[in-house]
Amino acid sequence: MQQSTAEAGKAEWGQAGPQSQELLKRKERVVAPACTSLAPFMIAESRGTVVRDVDGNEYLDFTGGWGCLIVGHTHPRVVEAIRSQSEKYVHTDFSVIPYEPYVALAERLVRYAPGERPKRVAFFNSGAEAVENAVKIARFHTKRRAVVVFEGAFHGRTLLTMTMTHKASPYKAHFGPFAPDVYRVPFPNPYRNPMSFSRWEAHLKSLVDPEEVAAVVVEPIQGEGGFVVPTREFLPKLREFCTEHGIVLVADEVQTGVGRTGTFFASEQFGIEPDLICMGKSLASGLPLSGVLGAAEVVDSVPDSAIGGTYVGNPVACAAGLAVLDVLEGEKLLERARELGEKLEARFREFQQKFVLIGDVRGLGAMRALELVKDRETKEPASEETARIIEGALRRGVILAKAGLYGNVLRMLLPLVIADEELERGLNALREALEEVSSG
Ligand SMILES: Cc1ncc(COP(=O)(O)O)c(C=O)c1O
């Protein structure tokens with residue numbers, strides 16, 4: 001990738017240059033207006049944490065394509081795996097002719113799974129599909145219908161997963177009617193709602209009889225919901241509760257999985273073995289690949305051809321997935337996630353001392369966030385300020401993402417291959433943006 005000088009780029013950061021403007025005009029004419037983008041420019045090339053736009057400006061990407069780029073943009077090993085596999089065969093449909101990359105990736109993922117029970121894997125295309133299929137598996141296994149989900153949850157945009165997702169706008173408004181038998185309960189949030197497990201359990205029982213529940217679907221750390229880490233006791237107690245009532249516990253690790261939190265699955269750090277784990281995003285470095293990994297006793301209930309799809313577990317995506325695991329292991333990215341977590345935590349605590357806007361600092365491993373509030377007492381969300389900080393960071397050459405039901409959380413989804421110097425540069429840009437907005 002060619003370097004453009006920082007000074008040449010600076011004048012244009014945060015705006016579309018002439019080439020981007022041309023392309024964006026073409027986009028407006030033919031692309032559905034719902035397909036908006038965070039960046040105001042079009043990309044030309046990317047590598048690691050850096051993206052270069054069509055006008056030659058370079059940005060640090062702290063969003064990693066919404067968390068898909070644990071190993072960074074266009075990692076050479078991933079690119080080589082894609083090239084080499086696509087020269088052999090690109091598609092067969094695993095249900096017509098099976099192939100080794102599917103099996104090899106399943107074998108390697110099973111080794112990362114928490115717990116001792118034998119495991120199975122099935123691959124799909126998107127995170128939503130993984131969640132939807134986990135629910136299908138749980139329903140088939142239990143012969144029950146109800147699904148329990150959480151306030152603040154995000155599980156996707158298909159009919160079932162949209163129903164399971166919390167946020168009305170933009171995900172659900174005018175898209176009803178929704179799927180039946182989905183019950184929403186609070187997520188024990190240490191900052192806003194640190195409810196005890198017994199209160200949580202009483203609330204659930206007021207909504208639905210646990211003996212009718214097929215699955216509880218939980219993000220071990222909420223992603224779109226604002227990187228909310230539940231109270232420490234919650235997930236172990238939830239595990240016990242599900243076992244007691246014969247409920248399939250599904251961990252949606254589409255955002256937390258593949259090493260972002262410092263262990264391959266976040267579930268490990270809470271000491272739980274879910275019955276099913278949903279994977280996606282970084283699994284194949286952004287190629288469409290997702291999966292459900294789960295206890296054989298649950299997954300084996302589902303009969304021949306009851307789950308699947310034309311493209312699921314595509315061989316090129318599986319080859320990319322194998323390369324992702326090679327990089328994760330070879331470059332010790334789990335350790336790097338923990339190290340990045342410590343660095344982010346230290347800087348964020350400094351920011352919190354300095355800027356009253358920062359109500360909460362939280363996360364696990366490299367999955368870290370700042371929650372911004374107008375007032376630390378009332379905790380009123382500072383949504384507009386968050387948008388301005390993102391815009392300010394963009395003007396300083398850093399692409400940042402927000403999250404949270406009220407859009408007031410700044411979340412870090414940076415590639416784990418980021419260099420210390422890039423991290424420093426990105427955090428300095430964030431500090432300057434915080435300063436700018438804090439001083440009005
Ligand atoms: C926890 C979680 N589950 C499911 C999804 C849906 O994934 P996809 O957009 O690939 O369908 C997402 C996407 O952000 C997610 O964060």
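This is a predicted model: local features need pLDDT of at least 70, side-chain atom pairs count only at pLDDT 80 or more; totals for chains, interfaces and linings use all residues.

Mentor: Residues are numbered from 1 along each chain as its sequence is written.

Trainee: Into which domains is the chain divided?

Mentor: Domain bounds come from an automatic or database domain assignment. Here that assignment gives domain 1 as residues 1-62 and domain 2 as residues 76-330, and the centres of domain 1 and domain 2, taken over C-alpha atoms, are separated by 33 Å.

Trainee: How should I read the packing of two helices, and at what angle do H4 and H11 cross?

Mentor: Helices (H or I, at least four residues) and strands (E, at least two) are DSSP runs, numbered from the N terminus. Axes are lines fitted to C-alpha atoms, for helices over the stretch in contact, and angles run from 0 to 180 degrees between N-to-C directions. The axes of helix H4 (residues 76-88) and H11 cross at roughly 150° and come within 8 Å. Angles under 35 degrees count as roughly parallel, over 145 as roughly antiparallel, 65 to 115 as roughly perpendicular and the rest as oblique; H4 is therefore roughly antiparallel to H11.

Trainee: What is the handedness of that crossing, and which residues make the contact?

Mentor: A crossing is left-handed if the near helix is turned anticlockwise from the far one by less than a right angle, and right-handed if clockwise; the crossing of H4 and H11 is right-handed. Two residues are in contact if their C-beta atoms, placed from the backbone, lie within 7 Å. By that criterion the contributors from H4 include Arg 77, Val 78 and Ala 81, and those from H11 include Pro 315, Val 316 and Ala 319. For classes, Ala, Val, Leu, Ile, Met, Phe, Trp, Tyr, Cys and Pro count as nonpolar, Asp, Glu, Lys and Arg as charged, and the others, Gly among them, as polar. The contact of H4 with H11 then has eleven nonpolar, two polar and two charged residues.

Trainee: At what angle does H5 pack on H11, and which residues of H5 take part?

Mentor: Helix H5 (residues 100-112) packs on helix H11 (residues 315-330) at an angle of about 35°, their axes being 8 Å apart, and the crossing of H5 and H11 is left-handed. From H5, Pro 101, Tyr 102, Ala 104, Leu 105 and Arg 108 meet residues of H11, among them Cys 318, Gly 321 and Leu 325. By class, the contact of H5 with H11 comprises nine nonpolar residues, one polar and one charged.

Trainee: How do H13 and H14 pack?

Mentor: Helix H13 (residues 383-395) and helix H14 (residues 420-438) have axes 8 Å apart at an angle of about 135°, which means that H13 is oblique to H14. H13 passes H14 in a right-handed crossing, and the contact of H13 with H14 has seven nonpolar, one polar and three charged residues.

Trainee: Where are cis peptide bonds found?

Mentor: One joins Ser 169 and Pro 170, with omega about 10°, and another runs from Gly 176 to Pro 177, with omega near 5°. Pro 170 lies in the loop between helix H7 (159-164) and strand S6 (182-185), and Pro 177 is also placed in the loop between H7 and S6.

Trainee: Which residue other than glycine has a phi near 60°, and is that residue buried or exposed?

Mentor: A residue is buried if 20 or more other C-beta atoms lie within 10 Å of its own, exposed if 12 or fewer, and partly exposed in between, with C-beta atoms placed from the backbone. Ser 285 has the positive phi near 60°, and Ser 285 counts as buried because it has 30 C-beta neighbours inside 10 Å. Phe 227, not a glycine, has a positive phi of about 55° and counts as buried with 27 such neighbours.

Trainee: Why does Pro 303 count as exposed?

Mentor: Pro 303 is exposed because 8 other C-beta atoms lie within 10 Å. Pro 303 sits in the loop between helix H10 (296-299) and H11. The C-alpha atoms of Pro 303 and Phe 140 are 9.3 Å apart, although 163 residues separate them along the chain.
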